[in-house]
Amino acid sequence: MRQIRPASIIDRSRDQEFMREALALATQGAALGEVPVGAVLVLDGQVIGRGYNCPISGSDPSAHAEMVAIRAAAQAVSNYRLPGSTLYVTLEPCSMCAGLIVHSRIARVVYGALEPKAGIVQSQGQFFTQGFLNHRVLYEGGVLAEECGTVLSEFFKARRASRD
């Protein structure tokens with residue numbers, strides 16, 4: 001099992017670069033008819049996990065972009081815990097994904113657009129600040145929020161138009 005060394009946790013210098021990679025993954029998901037959300041997990045400046053939403057194509061309700069990226073990262077480093085890593089995701093995480101983020105000991109989450117219906121970091125609650133959690137996650141929203149929101153809006157606009 002590889003030992004994971006926490007790097008500088010708050011290094012904002014590449015946030016937009018990694019969010020753009022997550023946006024590219026979201027576009028891949030949209031091409032499959034999935035809600036366009038993408039995620040990348042970064043450790044020591046290297047992407048160790050990538051994912052996009054695939055619950056429909058994978059018949060797996062847990063296959064959110066964050067879940068897919070975290071699973072890939074854990075496999076890549078042969079460790080179920082990912083301390084010192086940063087997760088970039090185009091949409092504010094839901095409660096299921098926030099729980100996994102805590103359990104996998106991710107140090108920082110950077111997200112793009114808010115999720116007003118199910119986002120649990122800021123929109124519908126502040127999950128990461130709950131006193132009962134045994135791990136603290138740093139978080140920051142709004143990175144490339146407009147681009148992330150536009151990808152989602154265009155996807156749903158096209159979906160509505162195809163139903164008419």
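This is a predicted model: local features need pLDDT of at least 70, side-chain atom pairs count only at pLDDT 80 or more; totals for chains, interfaces and linings use all residues.
Reader: How many helices and strands does the protein chain have, and what makes something a helix or a strand?

Author: Both are DSSP runs numbered from the N terminus: a helix is H or I with at least four residues, and a strand is E with at least two. The protein chain has four helices and five strands. Read from the N terminus, the order is α-β-β-α-β-α-β-β-α.

Reader: How do you know whether the radius of gyration agrees with that of a compact globule?

Author: There's a rule for that: 2.2 Å times the number of residues to the power 0.38, with the radius of gyration taken over C-alpha atoms. For 164 residues a compact globule would come out near 15 Å, and the protein chain has 15 Å, so the two agree. As for the box, the C-alpha atoms fill roughly 55 × 30 × 30 Å along the principal axes.

Reader: What makes a residue buried, and what share of the protein chain is buried?

Author: Buried means under 20% relative accessible area, exposed means over 50%, and partly exposed is in between (1.4 Å probe, protein chains only). On that scale, 47% of the 164 residues in the protein chain are buried.

Reader: Which residues of helix 3 are buried, and what do they pack against?

Author: In helix 3 (95-103), the buried ones are C97, A98, G99, I101 and V102. The buried residues of this helix pack against helix 2, strand 3 (86-91) and strand 4.

Reader: And what's going on with R105?

Author: R105 is found in the loop between helix 3 and strand 4 (108-113). R105 isn't a glycine, although it has a positive phi of about 65°. At 15% relative accessibility, R105 counts as buried, because buried means under 20%.

Reader: How do you know whether S59 is buried or exposed?

Author: S59 has 68% relative accessibility, so it counts as exposed. S59 is found in the loop between strand 2 (46-52) and helix 2, and its phi is near 45°, a positive value in a residue other than glycine.

Reader: What about S57: where is it found, and how accessible is it?

Author: S57 is found in the loop between strand 2 and helix 2. With a relative accessible area of 47%, S57 is partly exposed, because that value falls in between the two cut-offs. The C-alpha atoms of S57 and L32 are 25 residues apart along the chain and separated by 7.4 Å.

Reader: Which residues does A74 contact, and what makes a contact?

Author: Contact means heavy atoms within 4.5 Å. Leaving aside neighbours within four places in sequence, A74 is in contact with N79, Y80 and L82. A74 is found in helix 2 (residues 65-77), and at 17% relative accessibility it counts as buried.

Reader: Why is A30 called partly exposed?

Author: A30 has a relative accessible area of 25%, so it lands in between the cut-offs and is partly exposed. A30 lies in helix 1 (residues 15-31). Not counting residues up to four places away in sequence, A30 touches P36 and F155.

Reader: What share of contacts link residues 24 or more positions apart?

Author: Among contacts in the protein chain with a separation of 6 or more, such pairs account for 61%.

How values were computed:
Residues are numbered from 1 along each chain as its sequence is written. Side-chain values use heavy atoms; hydrogens and water are left out.
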